[in-house]
Amino acid sequence: KLVMMDVSPRYLFWSARIPSRVMCVTPWVKILVLLRNPVDRAYSQYQMTASRHLIPGKASFEDWVKTDMGRLKNSGVIQTKIPQKEFAGSDAETNAWERYTASVMGREGPIGRGLYVIQLRHWFKAYEENGKKREDYFKIFLSERLRKKKQNETRVVYEEALDFLGLPHKPLKGLNSFEQKYDGPMKKKTRSNLQEFFAPYNEQLYDLLGAEWKGVWDPK
């Protein structure tokens, strides 16, 4: 039995284009998705990109975020003309998302990449329109589980993934994880602003994924 795997965060992000292509080429493929608190994910992306000297003009995290917010507004992903409940999942949102992702180059998009609910809606819709149940083809994991070393969560997640893929259990080698060292913590005001921004999108995500996700990234 031949098993092939591929990995890239871009597959989720380019959600207005890639799902339909998957349906044309490999409609049997199963998807594992690892989601991290979008606020922490954005800061981690900044730190990694900055460490590789790929931030234009050595912009601050706040300026980098501001630039991406501008893209989201200019493309219409962030808008005030249509009520959010009406806009969510609409063709207008999908068109706006296509405009936004087309404007994102390379390692940009720190905020848009964290709007998971928009991306997952596109993926789920593509599969369901082809008669495929999402629970049979998607397994969504909470990234923070992998940091619970005392509970041995990494091994548990690994075994859950194998079960979902229908693969035999094999010993998991190399449990050591790499954690990037940051230049410093995120500013409290910045974190608070981002938490407020992501809150309504996270609520939509909780509704989409089920009760077990409820409040997982709400401020403690």
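Trainee: Which residues of α7 are buried?
Mentor: Keep in mind that this is a predicted model, and that a residue counts as buried when its relative accessible area is under 20%. Because 11 of the 13 residues of α7 are buried, this helix is largely enclosed by the rest of the structure. The buried residues are Tyr116, Val117, Ile118, Gln119, Leu120, Arg121, His122, Trp123, Phe124, Ala126 and Tyr127.

Trainee: Are α2 and α7 roughly parallel or roughly antiparallel to each other?
Mentor: The axes of α2, which covers residues 18-25, and α7 come within 9 Å and cross at roughly 30°. Angles under 35 degrees count as roughly parallel. The two helices, α2 and α7, are therefore roughly parallel.

Trainee: How many charged residues does the contact of α2 with α7 have?
Mentor: On the α2 side the contact is made by Ile18, Pro19, Val22 and Met23, while α7 brings His122, Trp123, Ala126 and Tyr127. Sorted by class, this contact has seven nonpolar residues and one polar residue, and the number of charged residues is none.

Trainee: What classes of residue make up the contact of α7 with α10?
Mentor: The axes of α7 (residues 116-128) and α10 (residues 188-209) come within 8 Å and cross at roughly 35°. From α7 the contact uses Tyr116, Val117, Ile118, Leu120, Arg121 and Phe124, and from α10 it uses Tyr201, Gln204, Leu205, Leu208 and Leu209. By class, these are nine nonpolar, one polar and one charged.

Terms used: Residues are numbered from 1 along each chain as its sequence is written. This is a predicted model: local features need pLDDT of at least 70, side-chain atom pairs count only at pLDDT 80 or more; totals for chains, interfaces and linings use all residues. Side-chain values use heavy atoms; hydrogens and water are left out. Axes are lines fitted to C-alpha atoms, for helices over the stretch in contact, and angles run from 0 to 180 degrees between N-to-C directions. Helices (H or I, at least four residues) and strands (E, at least two) are DSSP runs, numbered from the N terminus. Contact means heavy atoms within 4.5 Å. Ala, Val, Leu, Ile, Met, Phe, Trp, Tyr, Cys and Pro count as nonpolar, Asp, Glu, Lys and Arg as charged, and the others, Gly among them, as polar. Angles under 35 degrees count as roughly parallel, over 145 as roughly antiparallel, 65 to 115 as roughly perpendicular and the rest as oblique. Buried means under 20% relative accessible area, exposed over 50%, partly exposed in between (1.4 Å probe, protein chains only).
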